[in-house]
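Please open the structure in your viewer and keep the selection tool at hand. This tour goes from one stop to the next, saying what to select and what is there.

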Amino acid sequence: MTPLPTGSATHPGTDIAAPRLAKKKFLHDAAEHVRDTGHRAFVRKALGGYYTTRDAQKARYRDYEQARDAASLAKWSAVNRLDELLPRFAENFTANGGQVHWARDAAEAREIVLGLLRGARAKAVIKSKCMTSEEIHLNQAMEADGYGVVESDLGEFIQQLRGEPPYHFVFPCMHVRRDEISDLFQKHLGSPPTSEPEELTMIARRHMRRLYVEADVGITGANFLVAETGQISITENEGNARLTAGLPRVHIAIAGIEKVVDRLDDLAVLLPMLATAGTGQPLTCYNTLYSGPRRAGECDGPEEMHVVLLDNRRTEILADPEQRDSLHCIRCGACLNVCPIFKNVGGFTYGTTYQGPIGSVITPHLRGLADWNHLSGASSLCGACTDACPVRIDIHHHLLHNRRNAARTAPGRFERLGHRLFVAAASRPWLFAAGGWWFRKSLGLLKALRPPLLKAWLATRDLPPAPPHSFRSQWRRR
Amino acid sequence: MSSTRMGDARETILARVREALRLPAPPPHLQSPALDPAPTGSLPVLPLEAARPWLPDGGDSPEESRRILGENLARLKAELHHVADAAAAAAFLADLARGRNWKRVATHGHPLVATAAATLACDTERVDAGPFDKDALEACDAGVTSCEVLVAQTGSVLVSSATCGGRALSVLPHVHVVVATADQVVPTLGDALHAVRERHAGRLPSMLSFITGPSRTGDIERILVLGAHGPKELIVLLVG
């Protein structure tokens, strides 16, 4: 059996050494990907079933639109009272016997988790799906410290073996064909080749069983933190998070601070909405609330439970009232599934932990607008993302807001020059007329010359023929 | 990590949060006239009861709830069997074990479960009679548990670590059998949460898990496969 690849050096999607290259890489990868029609067809086909099951489940709501209102309101009132709810969660979780850790940034979060692993004298670590751990590059840090770590979610496990980050934050390996998975398992697990998804799943299942039993520490994410009761809620389909939080001696959960909700009752709305928007299920297979370590009288469960609360610039989004609602995100992935850009450029092109429309909104906040503003252009502004969002985040308008903010802080040179020329011409009628005449005459020349500024535009489009007379002269003649 | 640095981080984050929230956010774009912020000037904190008529139906009578539960479990590819009484549940389970050639079945001390497992011909493993061996539990063909409630609206089984055999029993063995009484069926998720809070007033179990069908994954080409890491089969025996 080949040892697991570390995955760190080959994480193309999440770690770009020089962020200035992010835009260049995006444009390059997008162009490459768009040409790969086979891959695009594969991804579209994989998403085909999603629309059908989601619509069937939406129809079972007696009023889906009003249920969206309820979900939106629950998140709105939590995010806007984070100052009150975060300490309340921490207090109640501590009273339940858990320990809360606060991390200002990724480095601090990694340090906390590594400290807990040292304290627990951990030998084997099992993980269930946790996007915040991707965000802070936890696996690389653990491996650098010599801890073996295995991703237990099937999709994440496949991505770990491939040395790739998740392609989609809900469907991590939706871009991988079954024969590639068969080859991968053959190489790393020594399993016989097969083209049956069922058999491939069973190979991973058998491989993982021992690891759950042997692991000392289980690391999970959290979908919601319930302030009222001090519980964390984890949503999953496979049962791997249940095993990760149930069998090892220590359970560590890492969660963004925006995951807090006020009341336990809020979950009666949010859990079904998350499942319906995310995968078209009535409820995801396992929705589990953990309030702390094993209690007296319970027959199993961890001796210690820790929650790491991660800021990592979420408070910067919070400080922007206009885009604060992007913290309502429950990471269902619906906006990716409906996005024409995502379906055409693919998950890796974004180069971010959180792909798709919501990733394009929050990444410039989390990692700097100057380097990531190009993602605001990764949208046709069709609004499909906003329509799909179960908590009514105004996603496509936020992409516009980011474009506006970027133009304010660093307006483009050509844009500025263009506006100045226009102002000069528009305020002098004779110059405006002369400019119009010159432009009508030279349009043909422009088409023939294909200057670099217009090259990309002209590659797939034609300029219309110039009208023989200006609008003003036509008007005068009427 | 020293405790002072820890405290610093907490204070820094909470100070950032307070500072950020000094500017109020515009109200969310809602479509429901019932939630119009204009009349009151502020948004209501929505009681769960208000959202109930919008969510999927859980039934208005016990009969209807049981019918909806049955439909949902069928859609989820879980099995539901009605049995007349505890003795019939025991006979059903014994038949199942014989038919499947189960060697070892894991159980816990709940009266319903104990009665149902009493006539099993194969070995049984109690998880709540002193520390149990994880490997032995993993090797069991099936786990039999009680539940807190069954939720009609979503077809879910709510188990807890306090009364349903802990954390691993309902997820580690390959088949999960749930024994419940017909009066444990509640209409909605909200009702289920209400029921556990009533039952465990002030001291919720360390784990509460809504199980909605057998374990599943769609990670390979989005094709549904049952039994990813948890049970491949979920069998509900409804007594009475």
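**Where the two chains meet**

Begin by selecting A:Arg209 and B:Glu138, which form a salt bridge whose closest N and O atoms are 3.0 Å apart; keep in mind, here and at every later stop, that this is a predicted model. Across the interface of chain A and chain B, seven salt bridges are found by the rule, and 46 residue pairs are in polar contact there.

Next, select helix H10 of chain A, residues 197–214, which supplies 12 residues, the largest share of the side of chain A that touches chain B. If you colour that whole side by residue type, its residues divide into 53 nonpolar, 23 polar and 30 charged.

Now show both sides together: the contact takes 106 residues from chain A and 91 residues from chain B. The size of an interface is often given as the accessible area lost when the parts come together, and for chain A and chain B this buried area is about 8,700 Å², with 60% of it on carbon and sulfur atoms.

**A second salt bridge**

Select A:Arg178 and B:Glu221, which form another salt bridge, with 3.1 Å between the closest N and O atoms. Why does this pair join two chains? A:Arg178 lies in helix H9 (residues 178–189) of chain A, whereas B:Glu221 lies in the loop between strand E10 (216–217) and strand E11 (225–226) of chain B, so the pair joins two chains. When the whole structure is searched, 47 salt bridges are found over all chains.

**Strands across the interface**

Select strand E9 of chain A (residues 286–290) together with strand E9 of chain B (residues 207–211), and you will see two strands that run antiparallel and are joined by five bridges. Within this pairing, look for A:Tyr290, which stands opposite B:Met207 in strand E9 of chain B.

**A loop residue in chain A**

Move to A:Asn96, which is found in the loop between helix H4 (82–95) and strand E1 (99–103) of chain A. Leaving aside its neighbours within four places in sequence, A:Asn96 is in contact with several residues, among them A:Thr229, A:Gly230 and A:Pro293. Which backbone oxygen does the side chain of A:Asn96 reach? That backbone oxygen belongs to A:Ser291, and the distance is 3.4 Å. If you then select A:His207, 111 residues from A:Asn96 along the chain, the C-alpha atoms of the two residues are separated by 34 Å.

**The domains of chain A**

Finally, colour residues 71–315 and 413–477 of chain A, which the domain assignment gives as domain 1 and domain 2. The C-alpha centres of these two domains of chain A lie 56 Å apart.

Technical notes
Residues numbered from 1 in each chain as written. Chains lettered and ligands numbered in written order. Predicted model: local features only at pLDDT ≥ 70, side-chain atom pairs only at ≥ 80, totals over all residues. Heavy atoms only, no water. Contact = heavy atoms within 4.5 Å. Buried area = accessible area lost by both parts, 1.4 Å probe. Salt bridge = Lys/Arg side-chain N within 4 Å of Asp/Glu carboxyl O. Polar contact = N/O pair within 3.5 Å; in protein donor to acceptor, adjacent residues only side chain to side chain. Helix = DSSP H or I, 4+ residues; strand = E, 2+ residues; numbered from the N terminus. Nonpolar A, V, L, I, M, F, W, Y, C, P; charged D, E, K, R; others polar. Pairing = 2+ DSSP bridges. Domains from an automatic or database assignment.
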